Amino acid sequence: MEKYIVGGGKKLEGMVRVHGAKNAVLPILAATVLSGDVCRIYDCPRLSDVSHTIKILETLGCRVLFSGSTLTVDATSADKWEIPEELMREMRSSIIFLGAVASKMGKARLCAPGGCELGNRPIDLHMKALRELGMTLSEENGFIEARADKMHSGDIHLSFPSVGATENIILSAVGLKGETTISNAAREPEIVDLCEFLIKMGADIEGVGTEFIRIKGVAHLHGAEHRIIPDRIVASTLMCAAMTTGSEIELLNVRSSHLGAVVSVLRESGAKIEFFKDKMYIRAPQKILPVDIIKTQVYPGFPTDSQSVVMAALCKSEGTSVIVENLFENRFKIIPELAKMNADIIQDGRVAVIKGNKLCGAHLRAMDLRGGAALVIAALGAEGESVIEGIKYIERGYEDFDKMITTLGGDIIKHKEAIGCGFKRE
Ligand code: EPZ
């Protein structure tokens, strides 16, 4: 099993490039199935979630070439409609293939994604919306069977602006005769990127980025080329690395318009942050100021995916901050791990009260993607060495995370423990 060994207390400096957004790539790769053509995606990050998605595309009959950061998908001979259980289990967000595969192939079969480290992750909003569009959906022994022969356009209202449900509706509706509308749609930048890709493929979508989306079905979609937007969560993670190490760094390939909520919070904690086109300059304060209250919200509110890394930064603040996690019930699993580093955090349900403290290195275990990244951020700002196990979670969403940190002069190495032949088994 691989782990990170992090030497704390070292300042960071220099610049690092932020890679393309995982949560934009995944639905865009699902969209390539609809093209029945060749699509080329630029700035695609090399992540385990992307590798799983590529395996799903190949299972569906697509041919995929990943060269450098350019991913070419040839969907001309895609004609399969089942997604293997092991691939669904590996990555619950594969549910995003339901709408694309069913509407392209006329049917789909995949296993219900089930929960993950963040909680039970229901898909009721997806299922309700797709049924309102006439998709026949049956669930039996944990499998979902979909039929699209009776699908029709319609007006969908989402009771909650779910990112995945919004994406599944859009992917199902772009080829549906007539006009489909979504009210209370999610507005995340990754959905905007998906819509922009679909429009390049010939789709007719209005209201992109707003809570009211209008989709006029088209008879034919074709291949397209697209550059993925920068990953705003990776950017916020690196910003927090600057905070916990008291450093000045530069980030390349960022979109200021995607980072408003995180920038506002870090400025409140004393950071100096400036943007120059697609570059950001951040200088951490000598003393991190506490932040009264942070409530995670849907976009453009404070992103739940940045909550753990900001919590790690506030663990070193000069006072008491409060975080309310409104999206995922299990995001606070990181608290006992931070407590091993002398962090002073009290949790009551969805509320965490963080009292700043000196952090010391410890033996830690990542238990989810963003929580794992936050442990690295805290370890960089701790006194002494930390070991972080379970880095497979982190590799789902950060390409070469250790290399990003060493590029900035941070002290982190990836350690692979041989299993068997006398070495200690994990
Ligand atoms: C997407 O997940 C992201 N994943 C998540 O990022 C992100 O945290 C989340 O949006 C919120 O921004 C991808 O894009 C692959 P939701 P998604 O549907 O689509 C409830 C990461 O770390 N809900 O907006 O699953 C749900 O339980 C990941 O990169 C229902 O109740 O998020 C949650 O409380 C983690 N029923 C809330 O809505 C449903 O049918 C937000 O979920 C669907 C969702």
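Helices H1 and H2 are roughly parallel to each other, a label given to angles under 35 degrees. This is a predicted model, in which local features need pLDDT of at least 70 and side-chain atom pairs count only at pLDDT 80 or more, while totals for chains, interfaces and linings use all residues. Residues are numbered from 1 along each chain as its sequence is written, and side-chain values use heavy atoms, with hydrogens and water left out.

The axes of H1 (residues 22–35) and H2 (residues 48–59) cross at roughly 5° and come within 10 Å. Axes here are lines fitted to C-alpha atoms, for helices over the stretch in contact, and angles run from 0 to 180 degrees between N-to-C directions. Helices (H or I, at least four residues) and strands (E, at least two) are DSSP runs, numbered from the N terminus. Contact means heavy atoms within 4.5 Å. The table lists the residues that each helix brings to the contact.

| Helix | Residues in the contact |
|---|---|
| H1 | Lys-22, Val-25, Leu-26, Leu-29, Thr-32, Val-33 |
| H2 | Asp-49, Val-50, Thr-53, Leu-57 |

An open sheet of four strands, with mixed pairing, has the order E9-E10-E12-E11. Two strands pair if DSSP finds at least two bridges between them. Strand E9 (155–157) and strand E11 (204–206) are at the edges with a single partner strand each, so one side of each has no neighbour in the sheet. From one strand to the next, the twist averages 15°. Strand E10 (residues 179–183) and strand E12 (residues 212–216) run antiparallel and are joined by five bridges. Glu-179 has Lys-216 in E12 as its bridge partner.

Helix H5 (residues 124–132) has Leu-125, His-126, Met-127, Ala-129 and Leu-130 buried, where buried means under 20% relative accessible area (1.4 Å probe, protein chains only). These buried residues pack against helix H4 (97–105), strand E7 (136–140), strand E8 (143–147), E9 and helix H6 (163–173). Just after H5, Gly-134 has a positive phi of about 90°.

Thr-245 lies in helix H8 (residues 232–245). Thr-245 is buried, at a relative accessible area of 8%. Its side chain reaches the backbone oxygen of Ala-242 at 3.3 Å. Neighbours within four places in sequence aside, Thr-245 is in contact with Lys-10, Lys-11, Leu-12, Leu-380 and Gly-381.

How values were computed
Angles under 35 degrees count as roughly parallel, over 145 as roughly antiparallel, 65 to 115 as roughly perpendicular and the rest as oblique. Buried means under 20% relative accessible area, exposed over 50%, partly exposed in between (1.4 Å probe, protein chains only). A polar contact is a pair of N or O atoms within 3.5 Å; within protein, one must be able to donate a hydrogen and the other to accept it, and residues adjacent in sequence count only if both atoms are side-chain atoms.
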